[in-house]
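Colleague: I am new to this structure and would like a close look at a single part of it. Could you take me to the charged side chains and walk me through what surrounds them?

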Amino acid sequence: MSTITAVLAATPSPSPTSTVPDVDVTPGVAGFIAIALVAVVTILLVIDMTRRIRRTRYRSEIRERLEAEVNGAATDEPERRAAEDGRADVGEDTERG
């Protein structure tokens with residue numbers, strides 16, 4: 001056991017030397033463009049996803065209103081729910097999208 005420690009202590013560890021210049025290791029302009037493109041595409045996807053989620057929610061609210069009218073239930077339920085959500089009731093003639 002002491003022989004192994006003596007051998008390890010006797011062999012010097014090499015000092016790290018850089019043979020490649022730091023300029024060659026950076027991503028450069030191509031890397032910047034690639035990351036910028038990924039960021040722009042991500043932002044556009046988030047905006048599209050938000051629109052689709054809103055559209056789905058609005059359609060379900062309208063479907064609930066129509067079903068309530070057909071069943072003869074009180075029509076003030078969606079208005080009360082919108083007031084609780086903090087949203088103003090939007091008429092059918094308002095364009096969304």
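Modeller: Happy to! One term comes up at the start: a residue is called buried when its relative accessible area is under 20%, exposed when it is over 50%, and partly exposed in between. Please keep in mind that this is a predicted model. Four helices and zero strands make up its secondary structure, giving the pattern α-α-α-α along the sequence.

Now to the charges. On the surface, Arg51, Arg55, Arg59 and Arg63 come together in a patch of positive charge. One of them, Arg55, sits in helix H3, which covers residues 28-71. Arg55 counts as partly exposed because its relative accessibility is 39%.

Other charged residues are paired. Side chains of opposite charge can pair when their charged atoms come close. The count here is two salt bridges. In one, Arg52 meets Asp48, and their closest N and O atoms are 2.9 Å apart. These residues lie four apart in helix H3, so about one helical turn separates them. Asp48 has 30% relative accessibility and is therefore partly exposed.

Glu61 and Arg57 form a salt bridge as well, with 4.0 Å between the closest N and O atoms. Glu61 and Arg57 are also four residues apart in helix H3, which means a separation of about one helical turn. Arg57, at 36% relative accessibility, counts as partly exposed.

Definitions and conventions
Residues are numbered from 1 along each chain as its sequence is written. This is a predicted model: local features need pLDDT of at least 70, side-chain atom pairs count only at pLDDT 80 or more; totals for chains, interfaces and linings use all residues. Side-chain values use heavy atoms; hydrogens and water are left out. Patches are made of residues with over 30% relative accessible area and no salt bridge: like charges are joined within 9 Å, nonpolar side chains (Val, Leu, Ile, Met, Phe, Trp, Tyr) within 5 Å. Accessible areas come from the Shrake-Rupley method with a 1.4 Å probe; for residues, only the protein chains shown count as cover. A salt bridge is a side-chain nitrogen of Lys or Arg within 4 Å of a carboxyl oxygen of Asp or Glu. Lys and Arg count as positive and Asp and Glu as negative; His and the chain ends are not counted. The place of a charge is taken as NZ of Lys, CZ of Arg, CG of Asp or CD of Glu. Helices (H or I, at least four residues) and strands (E, at least two) are DSSP runs, numbered from the N terminus. Buried means under 20% relative accessible area, exposed over 50%, partly exposed in between (1.4 Å probe, protein chains only).
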